[in-house]
Amino acid sequence: MNNKIYKLGDPGGKTSEMILREGSLGPATLDIGTLYRDQSIFTFDPGFMSTASCESKITFIDGEKGVLLYRGYPVEQLAEKSSFIEVAYLLLYGELPSQPQLETFRYSLRRHSMVNEAVLRFFSGFHYDAHPMAMLTAVVGSLSAFYHDSTDIHNPKHREVFAHRIIAKMPTLAAAVYKHGTGQPFVYPKNDLGYCANFLNMLFSVPAEPYRMDPVAAKALDLLFILHADHEQNASTSTVRLAGSSGTNPYAAIAAGIACLWGPAHGGANEAVLNMLKEIGDVKNIDKAIARAKDKNSGFRLMGFGHRVYKNYDPRAKIIRATCHQVLEKLGRDDDPTLELALRLEEIALKDEYFIEKKLYPNVDFYSGIIYRALGIPVHMMTVMFAIARTVGWVAHWQEMISDPHMKIGRPRQLYTGAVKREYVDIGGRK
Ligand code: CMC
């Protein structure tokens with residue numbers, strides 16, 4: 001392949017050659033790695049508007065066309081035909097598994113579903129009304145104090161054990177977070193259940209009576225987990241990569257990703273959408289809400305709308321929207337007026353000049369909360385759901401980075417605009 005070369009430099013000075021690297025899909029990327037060495041200048045791109053932070057083979061997004069591929073497979077096909085565990089295998093290992101590979105992977109995840117009892121004791125230190133994401137960040141971080149047998153990040157076998165462990169333990173920890181908040185006893189994993197059914201059982205069963213698992217609920221959860229499993233270099237994944245690039249303990253790197261996901265501009269949006277819909281309350285108040293979202297001084301945004309990459313309908317939102325009615329109906333929750341309100345809000349916003357001009361479309365979080373709520377999951381647990389699914393993506397990216405022989409610690413530079421060098425003034429001489 002003939003890569004295009006850009007040249008930069010002052011006449012008479014040193015010329016830098018920057019190669020325009022072509023990926024297999026998507027825009028070409030200008031490799032500026034030698035720019036500072038040759039020209040003593042940095043590039044400036046706050047928010048990474050035009051910056052590819054790494055090379056990756058995991059997930060591809062075409063934001064203009066609304067395309068999302070996991071390892072080359074369209075998310076629509078995976079949502080229709082695959083399962084979350086199969087997708088997890090695909091993201092981690094790069095290929096769809098054969099039947100024996102899938103069984104071995106499932107078996108390994110089952111074997112790692114319990115957490116050390118000492119981890120569960122940490123919960124007694126949390127107040128009953130602690131936010132679930134605060135607890136999840138802390139307990140996942142605390143896993144770095146355990147499992148020392150498998151945290152040599154330069155050992156591929158250790159990395160694999162870590163990957164299986166964290167994916168297997170996330171539902172157990174997430175359910176413990178919920179149980180602590182409700183004051184109910186923790187429920188241990190049941191390894192004869194599938195990943196999502198096991199999670200629902202740990203969430204909702206109590207020792208006092210049998211819990212009837214609704215297979216429709218487990219299936220709906222599986223679909224939502226597939227759609228949230230990865231999304232290339234989003235804020236939390238980039239956080240995991242940056243934290244992991246120092247060679248830190250991988251559980252600590254995942255905890256950093258969870259902390260980032262919590263924010264309302266990222267994974268916290270699903271919780272924010274339901275709070276917003278509750279606040280709007282009725283179709284008659286939609287116009288007022290839209291007017292507020294357009295008013296920069298209001299500090300209010302239409303949650304679940306807009307995306308850094310998608311300038312078209314988020315394909316994940318399209319899938320959830322299409323299945324929402326069906327799932328609610330099957331779960332006997334089709335009397336929920338929230339879906340009608342969301343649909344109407346979307347309809348009005350998509351006809352509004354402000355949203356059209358800025359290419360603001362519903363994103364994955366606009367509809368996901370409505371399904372989660374129909375499954376009985378409370379609003380403040382919704383970002384935890386996102387974290388369970390996204391753990392797969394975080395781990396896949398961490399693995400890809402650590403196994404790259406050219407990996408370097410992530411260390412951005414800055415445009416310094418602070419005080420120039422000055423002399424220390426004793427306290428008595430200060431103004
Ligand atoms: N409501 C009203 N105006 C908006 C919205 C919104 N939801 N989103 C963006 N805008 C406006 C924004 O004010 C700005 O206007 P102007 O150019 O006049 O200053 C313009 O659109 C571009 O917005 P931006 O904040 O510069 O865009 P960004 O790419 O930095 O931010 C975003 C993307 C997702 C943070 C933003 O659209 C947003 O805050 N949306 C609401 C929160 C949300 O739903 N987040 C979930 C993202 S999807 C799940 C995930 O992957 O985490």
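In the predicted model, strands β1, β2 and β3 form an open sheet in that order, with antiparallel pairing. The edges of this sheet are taken by β1 (4-8) and β3 (29-30); each has a single partner strand, so one side of each is left without a neighbour in the sheet. Strand β2 (residues 16-21) and β3 run antiparallel and are joined by two bridges. Within this pairing, Arg21 has Thr29 of β3 as its bridge partner.

A further open sheet of three strands has the order β4-β5-β6, and its pairing is antiparallel. Here β4 (59-62) and β6 (73-74) stand at the edges; because each has a single partner strand, one side of each lacks a neighbour in the sheet. Four bridges connect β4 to strand β5 (residues 67-70) in the antiparallel sense. Asp62 is placed opposite Val67 in β5. In general, strands of a sheet pair through backbone hydrogen bonds, either parallel or antiparallel.

The ligand is surrounded by 21 residues, of which His266, Arg301, Leu302, Arg308 and Lys358 are the closest. By residue class, the shell around the ligand comprises ten nonpolar, six polar and five charged residues. A backbone N or O atom of Ala265 lies 3.1 Å from a nitrogen atom of the ligand. The ligand taken alone exposes 940 Å², and 76% of that is buried by the protein.

Aromatic contacts were considered next. A pair of aromatic rings is described by the distance of the centres and the angle of the planes. Over the whole structure, 20 aromatic pairs are found. In one of them, Phe84 and Tyr195, the ring centres are 5.4 Å apart and the planes stand at 45°; this angle lies between the limits of 30 and 60 degrees, so the pair is tilted. The pair links distant parts of the chain, since Phe84 belongs to helix α3 (residues 84-93) and Tyr195 to helix α8 (residues 195-204), 111 residues apart. Both Phe84 and Tyr195 are buried.

Phe123 and Phe126 form an edge-to-face aromatic pair, with 6.0 Å from centre to centre and 65° between the planes.

Most residues other than glycine have a negative phi. Ser40 has a positive phi, near 55°, and is located in the loop between α1 (35-39) and β4. With a relative accessible area of 57%, Ser40 is exposed. Glu232 also has a positive phi, near 40°. Glu232 is found in the loop between α9 (215-228) and α10 (235-244). The relative accessible area of Glu232 is 22%, which means that this residue is partly exposed.

Technical notes
Residues numbered from 1 in each chain as written. Predicted model: local features only at pLDDT ≥ 70, side-chain atom pairs only at ≥ 80, totals over all residues. Heavy atoms only, no water. Pairing = 2+ DSSP bridges. Near = heavy atom within 4 Å. Polar contact = N/O pair within 3.5 Å; in protein donor to acceptor, adjacent residues only side chain to side chain. Areas by Shrake-Rupley, 256 points an atom, 1.4 Å probe, with all protein chains shown as cover. Nonpolar A, V, L, I, M, F, W, Y, C, P; charged D, E, K, R; others polar. Phe/Tyr/Trp six-rings, centres within 6.5 Å; stacked < 30°, edge-to-face > 60°. Buried < 20%, exposed > 50% of the residue type's maximum accessible area, 1.4 Å probe, protein only.
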